[in-house]
Amino acid sequence: MHHRLLLRRRGAMPLPSPPQPAPRTPGVAGGRLFASLPSPPPLQSRREVHVWYLCPDELNDHSQLDMYKELLSPSERKNALAMNGPRLQKDAMLSRALLRTTLSRYTDAKIDPRSFEFKKNKFGKPEILWQSDGSSMEWPLHFNISHTSSLIACGIAMDTLIGIDVEEKKRKTVKNILSLARRYFTPSEVDYLAKISDSDAQQKEFIKLWTLKEAYVKALGRGFSGAPFNRFSNQLETNNRIQISKAAKVCNDSDSGCDYLSENWRFALAGLNSSYYMAVCIEDNSRGSENGSVPLGLKVWKTIPFIEDTLVSGTDAVKLIT
Amino acid sequence: MAAIAGSATASFARPVKAVNVSPVSFAGLRKDNVSFRLQPVPQRFTVVCAAKKETVDRVCDIVKKQLVLPEGTEVSGASKFTDLGADSLDTVEIVMGLEEAFKITVEESSAQSIATVEDAAELIDNLVSAK
């Protein structure tokens, strides 16, 4: 057992046991560990997003993985085991461990990672289920998770809907880029892609657009069919703002229900570790922030939960594109 | 007398399953006081035919091609796309592959309700027969 695992935050008082809805395995090593999840700087405003990510390929220590496994609920463990093969099972497990430990950080360590419960909204988007018996505190935390085969990211926002999507820059599609774009994107986006003659550059722009659109749809939380990609355009403007606008032809009929495609959404697109594009989207209802609006504040940490956290935003690892 | 909509007996040429069926109590039913209604089912039930094996097999092939699965991975009707590791980009590519292979168009709302290979195959059979 590494001694580093028993680090306590300096000056931390012994923590009361958090309210737990169901008894968990007693005497588990992870029991005292959540005290060692340091509190991050708080989310300053609704326009700030924090992203925590881990790389499954780097996490192979069995006792570490067992420790993460212990954080999961029985149904999460069952779902992880239903995945096809040990790699996907490990990723699924790590994804839940990442979510739980990340959320715990934003509760001043008052809520044990194992204590969180979740529900799904009517479209299937996961949300925190807070106990309504008044015995526990609540935080207006919103989260969203994104997976690639080599990185799992968890985005956190305060009091506002959030969507995040991460994709490998070099991800090769089986289908041809333009046929994918024609089937799923708007005409203006197809035109934009068609004008790019270099196929690598075209593929990168496709991935950028894809992550932006995915982040938006995930923030909306209505599922892929709730906001079909060809009903809205994401334009990467020359002043580096991302504008989302309804695709003119498709949204003119009043019955097609494009009302939810409101334009109160704020995006950030960044290159991550020179291998990934990451797009984050939050709802922003603040009025009067047209031109020169304050960009979305983004902080990114790479984490090995309970072991090491590294702030990577503000370094070369995170290159803002917008 | 009671009318029952439920799993078919062997007298049907193809297996039929009913979805959204409310539980029916079988207490007190005997052979002579039960009638099977062979009329069109009420609108609140959807009777979906199990997909053709040939369609399921073709869907499995397309899925395997898209996901580049490890050798020996079993893909069958019951396989869930998410359990196979398909993300959203994989899913749209699979849907496009199915559209091309079967010459159909899949609406986003239908695509979203597909969880397994069997679901996809059923949808395809319905779309193909509706052409």
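**Close-up views of chain A**

**View 1. The pairing of β6(A) with β10(A).** A279(A) in β10(A) is the bridge partner of D165(A). The model shown is predicted. Seven bridges join β6(A) to strand β10 (residues 276-283) of chain A, and the pairing is antiparallel. Helix α6(A) packs on the sheet and touches β6, β9 (265-272) and β10 of chain A. The direction of α6(A) makes about 155° with that of β6(A).

**View 2. The open sheet of four strands.** The strands of this sheet in chain A follow the order β6-β10-β9-β13, with antiparallel pairing. At the edges stand β6 (162-168) and β13 (318-320) of chain A; each has a single partner strand, so one side of each is left without a neighbour in the sheet. From one strand to the next, the twist averages 25°.

**View 3. Residue Q203(A) in helix α6(A).** Q203(A) belongs to helix α6 of chain A, which spans residues 199-220. Is this residue of chain A, Q203(A), buried or exposed? Q203(A) counts as buried because its relative accessibility is 6%, under the 20% limit for that class. Apart from neighbours within four places in sequence, Q203(A) has contacts with K169(A), K170(A), R171(A), K172(A) and I177(A).

**View 4. Polar atoms around the side chain of Q203(A).** Two backbone oxygens are considered here in turn. A polar atom of the Q203(A) side chain lies 2.2 Å from the backbone oxygen of R171(A). The side chain of Q203(A) also reaches the backbone oxygen of K169(A), at 3.4 Å.

**View 5. The open sheet of five strands.** In chain A, five strands in the order β4-β5-β1-β11-β12 form an open sheet of mixed pairing. Its edge strands are β4 (141-147) and β12 (308-311) of chain A, each of which pairs on one side only. Neighbouring strands of this sheet are turned against each other by 25° on average, direction ignored.

View 6. Strand β1 (residues 48-54) of chain A pairs with strand β5 (residues 152-158) of chain A in the antiparallel sense, over six bridges. Which residue in β5(A) is the bridge partner of H50(A)? That partner is I156(A). Helix α3 (residues 86-105) of chain A lies across β1, β4, β5, β11 (297-304) and β12 of chain A. Helix α3(A) runs at about 25° to β5(A).

Definitions and conventions:
Residues are numbered from 1 along each chain as its sequence is written. Chains are lettered from A and ligands numbered from 1 in the order in which they are written. This is a predicted model: local features need pLDDT of at least 70, side-chain atom pairs count only at pLDDT 80 or more; totals for chains, interfaces and linings use all residues. Side-chain values use heavy atoms; hydrogens and water are left out. Helices (H or I, at least four residues) and strands (E, at least two) are DSSP runs, numbered from the N terminus. Buried means under 20% relative accessible area, exposed over 50%, partly exposed in between (1.4 Å probe, protein chains only). Contact means heavy atoms within 4.5 Å. A polar contact is a pair of N or O atoms within 3.5 Å; within protein, one must be able to donate a hydrogen and the other to accept it, and residues adjacent in sequence count only if both atoms are side-chain atoms. Two strands pair if DSSP finds at least two bridges between them. Axes are lines fitted to C-alpha atoms, for helices over the stretch in contact, and angles run from 0 to 180 degrees between N-to-C directions.
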